[in-house]
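Subject: Structure handover

Hello,

I am passing this structure on to you. Please look it over first; my notes on what was found follow below.

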Amino acid sequence: MTTSPPPRRPVARSRDALGRPLPPGVVGVAPLELPDTLPAPAALAAAQHLLDTGLPFQAHEVLEASWKAAEDDDRGLWRALTQLAVGLTQLARGNVPGGVAVLARAAEGLTPYVGRHPHGVDAAALIDWCERTARAAVQSRAATTASASASAADSRSVTVALRPPRLVG
């Protein structure tokens, strides 16, 4: 009796700091090596560190793991926090319409948690951050488009001062 070797996992493509796949052979950001689930304070601290160091895509991965492992009471909170990190990632990639849309969903998802402070999360402050950041992105895009010549304007290339949010108030 012969046994076949276990199936090989496909080699994951290297990614840049914003999670975009890189061409084969190009070295990118090392993938996160975290336990499958982290306690809420550790997940929030890890995500905050990643946001503060300019790695919103990786922060989204931490938050998404917590979302998928969350009990029903917290699931909406973790989903909204994940969307916040995805919105920030999209803005950092220059995708203003996508980033603004996802930040709006994050703000909507955080609304039920205003005044409750689950795990120390200040939902009201994060909603305010989402709204201010979305407005700044739209204004920056409009200013960039208006100042560029019509033929050179690229609505996707927008620089927004992306100050990371404080997840825990």
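Gly109 counts as partly exposed, at 23% relative accessibility; buried means under 20% relative accessible area, exposed over 50%, and partly exposed in between, with a 1.4 Å probe and protein chains only. This is a predicted model, in which local features need pLDDT of at least 70, side-chain atom pairs count only at pLDDT 80 or more, and totals for chains, interfaces and linings use all residues. Residues are numbered from 1 along each chain as its sequence is written, and side-chain values use heavy atoms, with hydrogens and water left out.

Gly109 sits in helix 4. Helices here are DSSP runs (H or I, at least four residues), as are strands (E, at least two), numbered from the N terminus. Leaving out residues up to four places away in sequence, Gly109 touches Gly76 and Ala80, where contact means heavy atoms within 4.5 Å. Between Gly109 and Leu77 there are 6.9 Å in space, C-alpha to C-alpha, and the two are 32 residues apart in sequence.

The chain as a whole

There are five helices and zero strands in the chain, giving the pattern α-α-α-α-α along the sequence. The chain has 169 residues, of which 35% count as buried. Of the contacts with a separation of 6 or more, 59% come from residues 24 or more positions apart.

Helix 4

Helix 4 covers residues 96-110, 15 residues in total. From first C-alpha to last it reaches 21 Å, close to the 21 Å expected at 1.5 Å a residue; the expected span is 1.5 Å times one less than the number of residues. Its buried residues include Val96, Gly98, Val102, Leu103 and Leu110. At the start of the helix, a side-chain oxygen of Asn95 comes to within 2.9 Å of the backbone nitrogen of Gly98.

How the helices pack

Helix 3 and helix 4 pack at an angle of about 160°, with axes 8 Å apart. Axes are lines fitted to C-alpha atoms, for helices over the stretch in contact, and angles run from 0 to 180 degrees between N-to-C directions. The two helices are therefore roughly antiparallel, the term for angles over 145 degrees. Their crossing is left-handed, meaning that the near helix is turned anticlockwise from the far one by less than a right angle. Among the residues that meet here are Gly76, Leu77 and Ala80 in helix 3, and Val102, Ala106 and Gly109 in helix 4.

Helix 2 (residues 56-69) packs against helix 3 (residues 72-92) at about 165°, again with the axes 8 Å apart. This pair is therefore roughly antiparallel as well, and the crossing is left-handed.

Two buried threonines

Thr89, in helix 3, is buried at 3% relative accessible area. Its side chain reaches the backbone oxygen of Ala85 at 2.8 Å; a polar contact is a pair of N or O atoms within 3.5 Å, and within protein one must be able to donate a hydrogen and the other to accept it, while residues adjacent in sequence count only if both atoms are side-chain atoms. Beyond four places in sequence, Thr89 touches Leu18, Pro56 and Phe57.

Thr133 lies in helix 5 (residues 123-147) and is buried, with a relative accessible area of 9%. A polar atom of the Thr133 side chain lies 2.8 Å from the backbone oxygen of Trp129. Neighbours within four places aside, Thr133 is in contact with Leu91, Leu103 and Leu162.

Regards

Notes
Parallel < 35°, antiparallel > 145°, perpendicular 65-115°, else oblique.
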